[in-house]
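This report covers a metal site and a pocket. The sequence and the structure come first.

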Amino acid sequence: MLLGGIEAGGTKWVCAVGTGAGDIVDETVFPTGAPEETLARAVAFLTRSGPLDAVGIGSFGPVDLRHGRIGATPKPGWQGVDLVSAFDVPVALDTDVNAAALGEHRFGAATGIDTFVYVTVGTGIGGGAMTDGKLLHGLAHPEMGHMRVPHDRKRDPFPGVCPYHGDCLEGLASGVALKARGGGRSLELEADYLALGLLNLVTVLSPELIVIGGGVLKEPGLLDRIRRRMPELAAGYVALPDVVPPALGDRAGVLGALELARDLVAAADPGASAQRR
Ligand code: ZN
C-alpha cells in the first residue's frame with residue numbers, strides 16, 4: 001500500500017509518500033503560494049512517486065470537512081478552495097491539528113492513550129482531540145484557539161490580535177500576540193492564559209493527556225510554568241492530566257496525514273486492514 005500525506009500549512013506544505021512513518025519513500029517541502037499553484041505542486045509531487053492508494057491531508061483551517069474545502073480563512077485567495085478534487089485517488093481531509101494528534105497517537109507521546117488533546121501554540125493557536133480512539137469533529141471541527149478566557153484588562157490592557165474576537169485565547173497568547181504585546185511580564189501572562197485554556201479543555205473533555213507544542217512552547221520555562229499554574233487554577237477540583245511536549249516534534253502533521261490516508265484505505269477494505277494487523 002503506497003500512501004500520500006500532506007501537511008498543508010499556512011506558510012508551508014510538507015508532502016510525503018510512503019507506506020508509513022518508518023518508510024517514507026520521498027518527501028518535499030515548499031512555501032504556500034497561491035492556491036492553484038500550491039495544489040498543482042502537491043499533485044505533481046505525489047503523482048510522480050507512483051500510483052497511490054489514498055492521500056491524507058491535514059490542512060490549516062478553518063476547513064469545511066463536509067465539502068472538502070478551506071473555510072472562512074483570512075488568508076488571501078484561499079477561502080472556499082477545494083483541497084480534494086485535484087487528486088484522482090481517495091482523499092482523507094482533516095485539520096492540521098487533528099492530523100498531528102493522530103500522528104502523536106500512532107507514533108508519539110499519546111501512544112496507547114485514547115482520549116487526549118493536542119495543542120499547538122505558534123503564529124496561531126490550534127487544537128485537535130481524540131476521544132475514545134476517534135478524532136473529534138462534531139458540527140464542523142473544534143476551534144480551541146478561539147475559546148474565550150478571562151481577560152483582566154487592568155493587569156493586561158493589551159486588546160488582543162484575533163481579527164474576529166480580539167481577546168480570545170489566540171488573540172491573547174499566540175506568537176503574534178506575544179510579539180505585539182512586547183516583553184516584560186509576557187511569559188508570566190502567557191503561562192496564565194495557556195493554563196486557563198488547557199484547564200477549560202480539561203473541564204470539557206477530561207483528556208488523559210495533553211500534548212502541547214509549537215514555536216512559543218520552545219520558550220524556556222514556559223511549559224513548567226503552565227504545569228504549575230494549572231493545579232492552582234483548578235483549585236483541587238478536577239483531575240489534571242500530564243502536560244507533555246509532542247514526541248514527534250514538527251513531524252507529527254505529515255506522519256499523521258499519512259495515517260489519515262491509511263485509515264481511509266482500511267475503512268474502504270476492512271478485510272485488508274485486519275490482515276495487515
Ligand atoms: Zn479568535
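Buried means under 20% relative accessible area, exposed over 50%, and partly exposed in between (1.4 Å probe, protein chains only).

## Basis

This is a predicted model, in which local features need pLDDT of at least 70 and side-chain atom pairs count only at pLDDT 80 or more, while totals for chains, interfaces and linings use all residues. Residues are numbered from 1 along each chain as its sequence is written, and side-chain values use heavy atoms, with hydrogens and water left out.

## Zinc site

His146 (ND1), Cys162 (SG), His165 (ND1) and Cys168 (SG) coordinate the zinc ion at 2.1 to 2.3 Å. Donors are N, O and S atoms within 2.8 Å of the metal (3.2 Å for Na, K and Ca); water is not among the atoms, so sites may look incomplete. The spacing of the donor residues in sequence is H-x15-C-x2-H-x2-C. His146 and Cys168, 22 residues apart, are both in the loop between β10 and α3 (169-173).

The site is tetrahedral, with angles of 102 to 119° among the four donor atoms; four donors count as tetrahedral if all angles lie between 85 and 135 degrees. The ideal angle for four tetrahedral donors is 109.5 degrees. Cys168 counts as buried because its relative accessibility is 0%.

## Second largest pocket

The lining of the second largest pocket draws at least three residues from each of domain 1 (3-95 + 249-272) and domain 2 (109-244); the domain bounds come from an automatic or database domain assignment.

Conventions. Four donors count as tetrahedral if all angles lie between 85 and 135 degrees; four count as square planar and six as octahedral if opposite donors are over 155 degrees apart and all others between 65 and 115; anything else is irregular. Helices (H or I, at least four residues) and strands (E, at least two) are DSSP runs, numbered from the N terminus.
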